[in-house]
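Visitor: I would like to go through this structure by question and answer. Please show it before we start.

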Amino acid sequence: MHEVLRAFFSPRDFRVALPDVWAGFQLNLKLMVVSEALVLVLALTIAIVRGLPGRGAKPLRALAIVYTDIFRGTPLILVAFLVGFGFPGLRMEFISTRSNFTYGVIALTAVYTAYVTEVYRAGIESVHPSQRMAARSLGLSYWQSMRYVVIPQAVRRVIPPLLNDFVGLQKDTALVTVIGVAEAAQQAQDYSQTYFNFTSYVVAAVFFILLTIPLARFTDHLIALRERRERAQAT
Amino acid sequence: MKRLIALAAVAATTLAFAAVSAARTTAAPPTMHAGQLVVAFGDPAVNFADGTIRGSTYLNPKGFEVDLASAIAKGLGLKPVWVYTPWTGLFAPGDKRFDISFQEATITAQRSKTVDFSSPYFDANQGVLLSKTAKTPHSIADLKSMQTCAQSDTTGLDWIQQKLHPSKQPLIYQTTSAAFVAVQVGRCDALILDTPIVASEKKARPNAYGAVAGQIVTHEQYGAVLPKGSKLTPYVDAQIKKLWANGTIAKLQKKWFRIDFSKLPDLK
Amino acid sequence: MSFVEVNDVSKQFDANVVLRHVDLAVDEHEVVCLIGASGSGKSTLLRCLNLLEQVDEGSIVVDGQTITNGAVDVNALRRKIGIVFQAYNLFPHMTVIQNVTLAPRKARGASASAARERALELLNRIGLAEKADEFPDRLSGGQQQRVAIVRALAMEPKLMLLDEITSALDPQLVAEVLQLVRELANSGMTMIIATHEMSFAREVANKVCFLDAGVILEEAPPEQIFADPREQRTREFLSRIIEAGRL
């Protein structure tokens with residue numbers, strides 16, 4: 001037992017490892033913020049494309065389906081390798097000369113957009129068709145009814161699963177270590193390989209946990225807020 | 001007279017028996033599984049140990065370290081079994097899933113605290129492998145401004161972090177293959193890794209890389225890795241001593257490395 | 001010429017024929033009530049009028065424009081026609097006043113202040129001005145339905161379609177909604193009302209149509225159809241209503 005405490009929870013190692021792991025964690029934070037912002041926008045776009053009516057939109061809908069199938073089906077680590085090593089390997093102007101950080105963002109965004117698209121889609125489809133009907137009956141166009149009536153309701157409904165996916169994204173930023181980004185997990189590994197103590201991993205874990213707790217509480221708060229509004233349908 | 005001869009005969013037989021059985025017990029080396037030597041290699045390294053990895057076994061490994069391991073096993077009267085074990089965690093304290101591992105591991109005081117090393121079987125320095133687009137460095141000072149990369153937990157990485165202090169952070173990869181790919185695609189200008197490893201890789205795939213720019217003289221020596229305090233270590237050392245003495249190691253080196261490392265310029 | 005002309009319209013959903021050769025003419029300022037059992041086609045007929053449903057056969061003309069020929073601007077048509085549903089369908093994520101001003105601002109291009117002014121005027125008329133900044137879930141069913149009516153009125157339609165708007169309400173809330181409809185009728189709005197409220201129909205309608213299995217079986221002024229229906233099935237239907245105590 002004492003050995004376990006010393007190997008994983010040594011106060012001295014905690015203090016020594018902290019600065020480097022924190023420096024690495026700032027990269028995780030940047031990865032997370034940039035990727036989340038992109039995912040939120042891109043996924044909503046693809047979800048809307050997925051629901052476009054009419055025969056003319058069929059190829060677009062098909063493309064959206066193919067995209068989500070591919071990127072929900074491929075493990076993030078593979079996508080990271082493909083982007084982090086494959087893009088430079090193409091030796092093309094601009095595409096091949098981005099930083100490993102940028103490739104990390106691309107990989108995370110590509111995969112998580114696919115997940116979040118499905119979440120948005122479920123949200124949009126859960127809005128009762130009578131809402132769309134009421135909006136169209138007032139003379140609002142398809143796009144106006146989507147923008148002012150359907151999507152605002154859809155997004156509010158799926159906030160819990162959305163935030164759940166973001167917690168996943170936050171943790172998956174650690175994976176980009178495999179393409180050479182010196183984020184928290186790699187710093188922790190570096191420390192542990194030099195000093196043979198695993199407390200550095202605990203330091204990194206603590207950072208990640210501290211990040212997700214506020215998000216979880218915020219989700220709870222938003223759910224409670226939303227419950228009220230939706231009850232209007234029932235009365 | 002007849003009684004004396006009979007006594008002598010019995011004594012001689014008994015002595016012979018005792019000698020034989022004594023030889024057997026003193027010669028039996030302590031391994032995980034009786035009669036077997038579990039030998040672990042890492043990611044394929046050209047000319048050292050190169051083969052197909054299936055799960056945790058190694059199929060048809062070929063190379064200098066393979067031949068060396070076979071010779072050691074034969075000398076100990078053991079049958080070699082080839083397994084794969086990753087580089088990550090090789091030097092971590094604790095039990096191992098092998099009797100002995102050959103992964104071009106440099107003997108260092110730090111590592112010796114947590115694992116046993118056999119006596120050295122290879123001399124090496126750090127080599128500098130350039131990407132096709134990198135500018136040739138003519139001195140260590142030139143290296144300082146280049147984008148370097150290294151494999152995690154290697155003496156090459158240690159050298160970059162403790163001796164070179166480059167202006168850009170080195171890119172660190174989990175495996176040798178990932179580091180090589182990074183050079184191939186131009187992610188980094190210069191990979192700092194053991195000379196024999198990079199020189200062999202360059203010889204095997206000349207068009208994928210730029211030149212091996214030179215060596216950084218570090219006087220490293222490879223030793224096989226065994227669990228700390230392993231009772232097998234003295235047996236292995238005895239075999240290695242024998243194989244140096246009878247010229248086997250030199251012959252194997254010549255067979256596998258038709259590269260003259262001394263021809264590479266030393267970077268200062 | 002009538003304001004609304006339904007000519008020989010038929011409609012089916014898969015194998016189910018819901019409207020069968022329906023003819024109907026509604027003049028401007030006329031109030032027409034549609035009565036009949038559930039599933040007789042009342043809702044479907046109303047929804048064909050603002051193109052929420054497509055007719056399979058026949059044609060419909062609204063305000064001189066044939067709307068069933070596929071070349072009409074659907075959104076423009078719907079700005080002229082207001083429709084209110086049984087389930088009120090207010091937008092739960094918007095306040096009452098936002099519900100009422102959304103379409104005038106986005107579909108008609110009214111300025112925010114002009115739309116707000118008009119909305120408050122309408123809300124005042126129904127005595128709900130102080131609820132303007134509340135969310136729908138804070139209103140009773142009757143209040144929500146009246147807001148739904150006012151939401152449709154805010155677009156200044158020429159025709160109002162009401163689809164059983166009191167059927168989902170508690171009985172004590174029905175009166176306030178009917179009062180609003182009464183006022184609308186008196187102000188000269190052209191209306192087609194599908195309803196189960198027979199006494200109300202008798203009071204406001206210029207014409208009552210009895211639908212049975214997708215056909216307008218009988219069409220007459222209320223005094224006549226309630227007092228002395230000509231068709232056997234009309235009689236049966238009305239007697240069942242009387243038995244249920246709803247006439």
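Visitor: Of the 2 pairs of chains in contact, which chains share the most contacts?
Guide: This is a predicted model. Of the 2 pairs in contact, the most contacts are shared by chains A and C.

Visitor: Which elements of chain A give two or more residues to the side that touches chain C?
Guide: The contact takes 23 residues from chain A and 23 residues from chain C. On the side of chain A, the residues divide into 8 nonpolar, 9 polar and 6 charged. The elements of chain A that give two or more residues to that side are helix H6 (129-137), helix H7 (142-157) and helix H10 (199-230).

Visitor: How many helices and strands are there in chain A?
Guide: From the N terminus on, the elements of chain A run α-α-α-α-α-α-α-α-α-α. The count for chain A is 10 helices and 0 strands.

Visitor: What share of the contacts in chain A with a separation of 6 or more comes from residues 24 or more positions apart?
Guide: The C-alpha trace of chain A spans about 70 × 50 × 25 Å along its principal axes. Of the 235 residues of chain A, 40% count as buried. Among contacts in chain A with a separation of 6 or more, the share of residues 24 or more positions apart is 78%.

Visitor: Which elements of chain B give two or more residues to the side that touches chain A?
Guide: This contact takes 17 residues from chain B and 11 residues from chain A. By class, the side of chain B has 9 nonpolar, 6 polar and 2 charged residues. The elements of chain B that give two or more residues to it are E9 and helix H6 (176-184).

Visitor: Which strands stand at the edges of the open sheet of 5 strands in chain B?
Guide: The sheet of chain B has the order E9-E8-E10-E7-E11, with mixed pairing. An edge strand has a single partner strand, so one side of it is left without a neighbour in the sheet. In chain B the edge strands are strand E9 (171-173) and strand E11 (212-222).

Visitor: At what angle does helix H5 of chain B run to E8(B)?
Guide: Helix H7 (residues 195-204) of chain B packs on the sheet, touching E7, E10 and E11 of chain B, and its direction makes about 55° with that of E7(B). Helix H5 (residues 155-164) of chain B lies across strand E7 (122-130), E8, E9, E10 and E11 of chain B. The angle of H5 of chain B to E8(B) is about 140°.

Visitor: Which residue takes a positive phi in the hairpin of E2(B) and E3(B)?
Guide: Strand E2 (residues 50-54) and strand E3 (residues 57-62) of chain B run antiparallel and are joined by 4 bridges. One of the partner pairs is B:Thr52 with B:Leu59. The hairpin has 2 residues between the strands, and the residue with a positive phi, near 65°, is B:Gly55.

Visitor: What is the bridge partner of C:Val6 in E4(C)?
Guide: In chain C, 4 strands form an open sheet in the order E2-E1-E4-E5, and the pairing is antiparallel. Its edge strands are strand E2 (16-26) and strand E5 (65-66) of chain C. Strand E1 (residues 4-13) and strand E4 (residues 57-62) of chain C pair over 5 bridges, and the partner of C:Val6 in E4(C) is C:Ile60.

Visitor: Which helices do the buried residues of H4(C) pack against?
Guide: The buried residues of H4(C) are C:Ala115, C:Ala119, C:Leu122 and C:Leu123. They cover an arc of only 100° around the axis, so they lie on the same side of H4(C). On the other side of H4(C), C:Ser113 and C:Glu121 are exposed. The buried residues pack against helix H3 (96-106) and helix H5 (141-153) of chain C.

How values were computed: Residues are numbered from 1 along each chain as its sequence is written. Chains are lettered from A and ligands numbered from 1 in the order in which they are written. This is a predicted model: local features need pLDDT of at least 70, side-chain atom pairs count only at pLDDT 80 or more; totals for chains, interfaces and linings use all residues. Two residues are in contact if their C-beta atoms, placed from the backbone, lie within 7 Å. Ala, Val, Leu, Ile, Met, Phe, Trp, Tyr, Cys and Pro count as nonpolar, Asp, Glu, Lys and Arg as charged, and the others, Gly among them, as polar. Two strands pair if DSSP finds at least two bridges between them. Axes are lines fitted to C-alpha atoms, for helices over the stretch in contact, and angles run from 0 to 180 degrees between N-to-C directions. A residue is buried if 20 or more other C-beta atoms lie within 10 Å of its own, exposed if 12 or fewer, and partly exposed in between; C-beta atoms are placed from the backbone. The arc is that of the directions from the helix axis to the C-beta atoms.
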